[in-house]
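Hi everyone, thanks for making time this morning. Let me put the sequence and structure up on the screen, and then I'll walk you through a few spots.

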Amino acid sequence: MIASVLIKKFGIDNELKTIAEKVIASERINEEEGLLLYEKAELSLLALLADHVREKKNGKHAYYIKNIHIEPTNICVYKCRFCSYSRKEGETGSWEMTIEEIIKVVKEALKKNISEIHIVGGVHPERDIYYYAELLNEVRGVAGKAHIKAFTAIELDYMFRKSVKTNREGFEILKEAGLNSIPGGGAEIFSEDIRKQICENKSTGNTWLEIHEAAHQCGIPSNATMLYGHIESYRHRIDHLERLRQLQDRTGMFNAFIPLKYRNKNNELSSLKEVSITEDLRNYALCRIYLDNIKHLKAYWPMIGKGTTQLSLSFGVDDIDGTIEDSTRIYSMAGVEEQNPVLATEEINKMIIDAKRVPAERDSLYNII
Ligand code: V47
Ligand code: SF4
């Protein structure tokens, strides 16, 4: 019924009609169908389909969380071509926080009732798993019940290999020290061909997937990301989403998916133009439609700005992160508009209510607080 109204309204061709009907009936679409949506579907059709999927999964709620992002260091053994913030040891602009400095930041943030501490940084050449276990122990000691979400698969892969631990052994050590979940960074685009051109030498797409699978097997949930809008094609994006969907079928332990828009300032890919807001919205919608087994789709507002974030709520997004105090420099150094991203709870609520959704403050596992 809805599908036929849709089809009349959009006057869409037969191929798109079949796909639209499948999405409305909550049937899974395949790679070729995903590609066709990327290439041919109108923005308004994508909005309608993605909104249908979002509503079925999350009702009227739009989630946010009070959290803090800490980046212990930007010193990194890798040099991804899209990265604006990594530096080598001793290079101008590099930083290293001591554990004491990190604890001071955590204690200040806890006074503001945060429920999550998000820690990611560069892949420091000298830091092994025992250093990170000590860091987690110290943070856990002051954090009370706050959830610790820490380290990208790239940092984890390096620290496990440096300390000659299997993925499972590594996760057991970190879990014991206080780790609750892992963030989605480092996924970029899984295609080896694209990785060779934008982040050669760093952990492969398969390694990223293996690390997350091992985390899930150890009872540690995680997020997933996709860096889009650089040199990848729609086929590469679909391949990325497909590999995530297959892993989620096996484990079911991805909490959220976060598309990350490539920002082009101060890095080796700066000659690339950034994609338009229309492309951002199309991509959110596609991700929502394709990833039928990941419950939450997050728009990370410090990266795309408050305006696009609010619009994204009509294109499948149900979570706007909502960091109250974001000291991340990954994006401020890559040229985003929000140089000191802070959002007061009232402002988050207004953004959500104006988009005709119901604001829901959540914890890291999407329980409403
Ligand atoms: O892996 C680096 C990306 C990621 C640029 O899990 C860039 O809740 C755009 O993963 N333009 C790290 N993106 C951040 C991340 C994240 C952020 C918020 C929430 C969560 C979560 C995870 O940032 C990196 C890389 O893909 N990145 N440089 C750039 N120039
Ligand atoms: Fe290092 Fe991460 Fe930057 Fe790559 S994106 S250079 S791994 S900090």
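**A walk through the model**

Let's begin with Asp 157, which counts as buried because its relative accessibility is 9%. Please keep in mind as we go that this is a predicted model.

So what does Asp 157 pair with? Its salt-bridge partner is Arg 161, and the closest N and O atoms of the two are 3.2 Å apart. Both residues sit in helix α7, 4 residues apart, about one turn of the helix. As a reminder, an α-helix has 3.6 residues a turn, so residues three or four places apart point the same way. Is Arg 161 buried, exposed or partly exposed? Arg 161 counts as partly exposed, because its relative accessibility is 49%, whereas Asp 157 is buried.

Staying with charged pairs for a moment, the structure holds 28 salt bridges. In general, side chains of opposite charge can pair when their charged atoms come close. Here are two more of them. Glu 232 bridges to Arg 237, with 2.9 Å between the closest N and O atoms. Glu 232 is buried at 10% relative accessibility, and Arg 237 is buried too, with a relative accessible area of 4%.

The other pair is Arg 263 with Glu 274, where the closest N and O atoms are 3.2 Å apart. Both Arg 263 and Glu 274 belong to the loop between β6 (254-261) and α12, and they are 11 residues apart. Arg 263 is buried at 7% relative accessibility, while Glu 274 is partly exposed at 24%. There is also a network: salt bridges with shared partners join Asp 51, Arg 54, Glu 55, Lys 60 and Arg 357.

What caps its N-terminal end? That is Asp 128, which places a side-chain oxygen 3.1 Å from the backbone nitrogen of Tyr 130. After the helix comes Gly 144, which has a positive phi, near 60°.

Which residues of α6 are buried? They are Ile 129, Tyr 131, Tyr 132, Ala 133, Leu 135, Leu 136, Val 139 and Ala 143. The elements covering them include α5 (99-110), β3 (116-119), β4 (147-150), α7 (153-162) and α8 (167-177). Gly 141 also lies in α6, but Gly 141 counts as exposed, because its relative accessibility is 63%. In sequence, Gly 141 and Ile 103 are 38 residues apart, yet their C-alpha atoms are 9.4 Å apart in space.

Arg 127 is buried, with a relative accessible area of 9%. Its side chain makes a polar contact with the side chain of Glu 96, at 3.5 Å, and another joins the side chains of Arg 127 and Tyr 131, at 3.4 Å. Setting aside neighbours within four places in sequence, Arg 127 has contacts that include Pro 72, Thr 73, Met 97, Tyr 132 and Tyr 158.

One more helix, and then the ligands. Helix α12 covers residues 277-290, and because 14 residues at 1.5 Å a residue should span 20 Å, the 20 Å between its end C-alpha atoms agrees. How many of its residues are buried? The count is 12 of 14, so this helix is mostly covered. Among the buried ones are Glu 279, Asp 280, Arg 282 and Arg 288.

Finally, the ligands. Ligand 1 has 22 residues around it, and those that come nearest are Lys 149, Gly 184, Gly 186, Glu 188 and Lys 298. One of its oxygen atoms is 2.8 Å from an N or O atom in the Lys 149 side chain, and an oxygen atom of ligand 1 is 2.9 Å from a polar backbone atom of Gly 184.

Which residues surround ligand 2? They are Cys 76, Tyr 78, Cys 80, Phe 82, Cys 83, Tyr 85, Ser 86, Gly 122 and Lys 202. Sorted by class, that shell has 6 nonpolar, 2 polar and 1 charged residues.

Conventions: Residues numbered from 1 in each chain as written. Chains lettered and ligands numbered in written order. Predicted model: local features only at pLDDT ≥ 70, side-chain atom pairs only at ≥ 80, totals over all residues. Heavy atoms only, no water. Buried < 20%, exposed > 50% of the residue type's maximum accessible area, 1.4 Å probe, protein only. Helix = DSSP H or I, 4+ residues; strand = E, 2+ residues; numbered from the N terminus. Contact = heavy atoms within 4.5 Å. Polar contact = N/O pair within 3.5 Å; in protein donor to acceptor, adjacent residues only side chain to side chain. Expected span 1.5 Å × (residues − 1). Near = heavy atom within 4 Å. Nonpolar A, V, L, I, M, F, W, Y, C, P; charged D, E, K, R; others polar. Salt bridge = Lys/Arg side-chain N within 4 Å of Asp/Glu carboxyl O.
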